[in-house]
Amino acid sequence: MLPTRGYATQSPMDQLKPFNFERRAPEARDVVIEILFCGVCHSDIHQARNEWNNSIYPMVPGHEIVGRVTQVGAEVTQVKEGDLAGVGCFVDSCRVCANCKEGLEQYCEVGALYTYNAADKDGTPTYGGYSSQIIVDEDYTLRISPKLPLAGVAPLLCAGITTYSPLRHFNVKAAQRVGIVGLGGLGHMGVKFAALMGAEVTVFSTSASKEEDARKLGAHNFVVTKNAQQLEALASQYDFILDTVSATHDINMYLNLLRRDGVLVLVGAPEEPVAVNAFSIIPNRRRLAGSGIGGIRETQEMLDYCAEHNVTSDVEVIPIQQINEAYERTIKGDVRYRFVIDMKSL
Ligand code: NAP
Ligand code: ZN
Ligand code: ZN
């Protein structure tokens, strides 16, 4: 067993506090990664506070992990000691179902093994990236380019792939009109990718103060969504809308913006059910879809694309001692645009 230091919460009401635990001894196909940076995703907050009603405690959150390989098992072939490596939202899957075979492990028919808040094969809980090290099968690790600043790379492992994957799947391309709803960790990556893919990008935000940033990130238009009238004028004009909002909100006003056969992809995961009016989607044959993170192959493609185009996340680097304050600020939308923990502070 490998003694490991981390931060955990013990219940939905608790703060995160120092927590020592043991990780399983590495096996022949495993890679041991010393964690250098870990992003703070809103999903960490939903789960730490049991907002999705599936939390296991104690919980060590964190699934936007970059680090350095310190040890590899005897059968590991793709990774060597000293390499940079990344780990995202899952650390294993069945490997043999149709979805796994297609490289869509996030939709594994048996269920992907999540990086934290899941039961490992031996029944023990998985613990995430707010910790000193992690042990992962090499097939579920990602190659990280040394070209990019590492703190800004960490959020690509969740916020990056979660926005890149639906933009690619729904074939967003030049001259299309794309809306990004919510300018947080996911939203700001969605703006960067959609702009790079050549789309005309509009940010729909509740925070008027984010306009200048939105334009710097590549948005062409910025709409403060407290003004419903302004949205009415944009009805039936958008090809694709990515909704990244973490809290309950009215999705109908965005569905109404889709032109014929347009699609709204929901990636934000509020705790309450989403109410959809039939007459928000019947006109224009509109579509509402969901999308979950991305598979290993596509995550690697996204990381390589980011290295090629010099894309990273805009981050506020914090010591782990500030994690509880970072959660509160994230909930208030007060982060530009992702907190990333510098694990040296642990
Ligand atoms: P985040 O950084 O907190 O950003 C969410 C943004 O939503 C905020 O910055 C804010 O943007 C907007 N917002 C917040 N509260 C709102 C409200 N009451 N009404 C309207 N807008 C509000 O969160 P994140 O890390 O990007 O994650 C966003 C959501 O995606 C979370 O629910 C998370 O669990 C989910 N997620 C899903 C996947 C997936 O695979 N589908 C993967 C990762 C995360 P403005 O200030 O611009 O309004
Ligand atoms: Zn996440
Ligand atoms: Zn599978």
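This is a predicted model: local features need pLDDT of at least 70, side-chain atom pairs count only at pLDDT 80 or more; totals for chains, interfaces and linings use all residues.
A polar contact is a pair of N or O atoms within 3.5 Å. An oxygen atom of ligand 1 lies 2.8 Å from an N or O atom in the side chain of serine 43. In the side chain of histidine 42, an N or O atom is 2.7 Å from an oxygen atom of ligand 1. For histidine 46, the corresponding distance from a side-chain N or O atom to an oxygen atom of the ligand is 2.8 Å. In total, 28 residues surround ligand 1. The closest are Ser205, Thr206, Ser207, Lys210 and Arg338.

The second largest pocket was examined next. Its volume is about 500 Å³. The lining comprises 25 residues. Arg24, Asp120, Asp122, Thr124 and Ile135 lie nearest the centre of this pocket. By class, the lining holds 12 charged, 10 nonpolar and three polar residues. Strand 2, strand 6 (90-92) and strand 8 (133-137) each contribute at least two lining residues. Strand 8 gives the largest share, with four residues.

Strand 2 (residues 17-23) also pairs with strand 1. The two strands run antiparallel and are joined by seven bridges. In one of these pairings, alanine 8 has lysine 17 of strand 2 as its bridge partner. Strand 1 spans residues 2-8 and is mostly covered. Of its seven residues, five are buried.

Key:
Residues are numbered from 1 along each chain as its sequence is written. Chains are lettered from A and ligands numbered from 1 in the order in which they are written. Side-chain values use heavy atoms; hydrogens and water are left out. Buried means under 20% relative accessible area, exposed over 50%, partly exposed in between (1.4 Å probe, protein chains only). Two strands pair if DSSP finds at least two bridges between them. On a 1 Å grid over the protein atoms alone, a cavity is a set of points where a 1.4 Å probe fits but cannot get out, and a pocket is an open set with protein on both sides within 12 Å along at least five of seven lines; lining residues have an atom within 4 Å of a point. Grid points are joined across faces, edges and corners, and a volume is the space filled by probe spheres set on the points. Ala, Val, Leu, Ile, Met, Phe, Trp, Tyr, Cys and Pro count as nonpolar, Asp, Glu, Lys and Arg as charged, and the others, Gly among them, as polar. A residue is near a molecule or strand if one of its heavy atoms lies within 4 Å of it. A polar contact is a pair of N or O atoms within 3.5 Å; within protein, one must be able to donate a hydrogen and the other to accept it, and residues adjacent in sequence count only if both atoms are side-chain atoms.
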